[in-house]
Amino acid sequence: MFRLGDKIDKNRANNINPVVLAFVGDAVYSLFVRESLVFSSDYKTGELNKLATAQVKATAQAEFIKNILPLLTEEELNVFKRGRNAKKSTKAKHASVAEYNLSTGFEALLGYLYVTGDLERINYLLNKGRQDEG
């Protein structure tokens with residue numbers, strides 16, 4: 001039986017296609033952004049959706065990862081690079097190829113950390129990256 005929050009070991013996670021890790025990481029980042037908006041404001045859903053969309057789009061993620069790159073361990077940097085350099089079957093609608101590649105690397109990193117159960121590290125990186133944006 002699968003349970004939300006189940007984790008796998010790092011060896012197994014390293015064998016997951018980085019685009020698949022990005023699939024998970026996209027959901028992780030979207031949930032982080034949505035929760036942080038809900039917990040910090042009293043906006044209605046329409047405004048929350050606009051604010052969330054602005055933060056989770058590829059161009060915004062590409063900028064975000066630049067803020068946290070210096071904080072990444074060698075292991076995390078390797079996962080990011082695997083995601084960034086992975087062959088993708090889709091293209092971003094409103095981002096350059098470079099931005100889309102950076103955002104895929106960012107999402108792969110979050111996916112990797114999530115499937116290995118390192119929620120503490122995810123929270124640290126996402127909150128630190130937000131601080132550095134301002």
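A: **The pockets and their helices**

Let's start with the largest pocket, which has a volume of about 380 Å³ (the space filled by probe spheres set on grid points joined across faces, edges and corners). A pocket here is an open set of points on a 1 Å grid over the protein atoms alone, where a 1.4 Å probe fits, with protein on both sides within 12 Å along at least five of seven lines; lining residues have an atom within 4 Å of a point. This is a predicted model, where local features need pLDDT of at least 70, side-chain atom pairs count only at 80 or more, and totals for chains, interfaces and linings use all residues. Numbering runs from 1 along each chain as its sequence is written, and side-chain values use heavy atoms, leaving out hydrogens and water.

The lining splits into ten nonpolar, three polar and one charged.

The second largest pocket, at about 310 Å³, has 15 lining residues, with Ala22, Asp26, Thr90, Tyr100 and Glu107 nearest its centre. H2 turns up here too, along with helix H4 (58-68) and H6, each giving two or more residues. This lining has six nonpolar, five polar and four charged residues.

Now for H2 (residues 18-40) and H6 (residues 97-115): their axes come within 6 Å and cross at roughly 85 degrees. H2 and H6 are therefore roughly perpendicular (65 to 115 degrees). Their contact (heavy atoms within 4.5 Å) includes Ala22, Asp26 and Val28 of H2, and Glu107 and Tyr114 of H6.

How confident is the prediction? The chain averages a pLDDT of 93 (the predictor's confidence in each residue, from 0 to 100). Confidence is lowest in H7, at a mean of 89.

Note on methods:
Axes are lines fitted to C-alpha atoms, for helices over the stretch in contact, and angles run from 0 to 180 degrees between N-to-C directions. Helices (H or I, at least four residues) and strands (E, at least two) are DSSP runs, numbered from the N terminus. Angles under 35 degrees count as roughly parallel, over 145 as roughly antiparallel, 65 to 115 as roughly perpendicular and the rest as oblique. Ala, Val, Leu, Ile, Met, Phe, Trp, Tyr, Cys and Pro count as nonpolar, Asp, Glu, Lys and Arg as charged, and the others, Gly among them, as polar.
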